[in-house]
Amino acid sequence: MILRANCKINLGLDVLRRRDDGFHDVETVMFPVHGLFDEIEVVRRPAAGVGFRAEGLAVDCPPEQNLCIRAFRLMHERYGIDGADIRLDKRIPFGAGLGGGSSDATAVLLGLNEEFALRLSKEELTSCAAALGSDTAFFIDNTPQLCTGKGEITVPYPIDLGGLRIVIVKPAEGVSTREAYAGITPHVPDTPLAERLRRPLSEWQEIITNDFEPTVFAARPAIRAAKERLLRAGALYAAMSGSGSAVFGLFDDGRKADALREITPFVYTIHD
């Protein structure tokens, strides 16, 4: 079974407070970008255990720590599945704040559910996904979602960006989630993100923020420069996705978006 594991962007990201468990409460709207995806192949095999092969972009972690393997092990522990071969063709940049690893893990869960005819409910699949990461559950529905808690609590958030183009730029520099959170001062904004996103797109640049940007931009000037270039090129809105290092811009002029191909191959039409 072959699946497309698409990426996501964050439309705003507020870090509200530090929790007693050491994590942070956040509020963000995650939006799926179907044009940029990894390819996942999941095949049931008679022998026990899991085979894993990675192709495409390099992934900066040992194979045994890859979320695809962790997803198989979770399904083995919970539902007793035996053996499977997993192939990952990596196309979403690693360590970019685009949720590629989480999307891969969810695709493996969905593929194993089909290959082993488990017939798991949406609630069961969501529980499995949430056990693998804070933003993994988002990819079960794979529609715009308002995400709270650590990011694992999701509710549908209808938002229409049809007709716009998204340009995703991945600078060479990377940002670890630990690094991004190290400089954060949590705060609760006067107006919740869910309300601010209902304002016209022309107002977003002033009111829709990513709380990771000040610290990350100070330490990684190339990421700030990438965002500024998107705005100079005519983006109606530009921001860093998640904890970085990818930035994205929303364009209503396809010619302006296409002109940016000289600096990035990642130019996709939303709702393509």
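## Helix pair α2 and α3

Helix axes here are lines fitted to C-alpha atoms over the stretch in contact, and their angles run from 0 to 180 degrees between N-to-C directions. In this predicted model, the axes of α2 (residues 100-115) and α3 come within 10 Å. They cross at roughly 145°. The crossing of α2 past α3 is right-handed.

From α2, the contact uses Ala105, Thr106, Leu109, Leu110 and Asn113. From α3, Leu125, Cys128, Ala129 and Leu132 meet them. By type, the contact residues are 7 nonpolar and 2 polar, with no charged residue.

Thr136 sits in the loop between α3 (122-132) and α4 (138-141). Its relative accessible area is 0%, so Thr136 counts as buried. Beyond four places in sequence, Thr136 contacts Ser102, Ala105, Thr106 and Ala129. Ala105 and Thr106 belong to the α2 side of the helix contact, and Ala129 to the α3 side. The side chains of Thr136 and Ser102 make a polar contact at 3.5 Å.

## Nonpolar cores

The largest nonpolar core holds 29 residues. Ile9, Leu11, Leu98, Ile168, Trp204, Phe248 and Leu250 have the most contacts inside it. At least two core residues come from each of β1 (2-18), β2 (24-45), β7 (165-169), α6 (193-196), β8 (237-240) and β9 (247-251). β2 gives the largest share, 4 residues.

A second core is separate and has 27 residues, among them Ile81, Val108, Leu120 and Cys128. Cys128 is also one of the α3 residues that meet α2.

## Around Ile168

Setting aside residues up to four places away in sequence, Ile168 touches Cys7, Ile9, Val33, Leu36, Leu98, Ala246, Val247, Phe248, Thr264 and Phe266.

Terms used: Residues numbered from 1 in each chain as written. Predicted model: local features only at pLDDT ≥ 70, side-chain atom pairs only at ≥ 80, totals over all residues. Heavy atoms only, no water. Core = buried A, V, L, I, M, F, W, Y, C linked by side-chain atoms within 4.5 Å. Buried < 20%, exposed > 50% of the residue type's maximum accessible area, 1.4 Å probe, protein only. Contact = heavy atoms within 4.5 Å. Polar contact = N/O pair within 3.5 Å; in protein donor to acceptor, adjacent residues only side chain to side chain. Left-handed = near helix turned anticlockwise from the far one by under 90°. Nonpolar A, V, L, I, M, F, W, Y, C, P; charged D, E, K, R; others polar.
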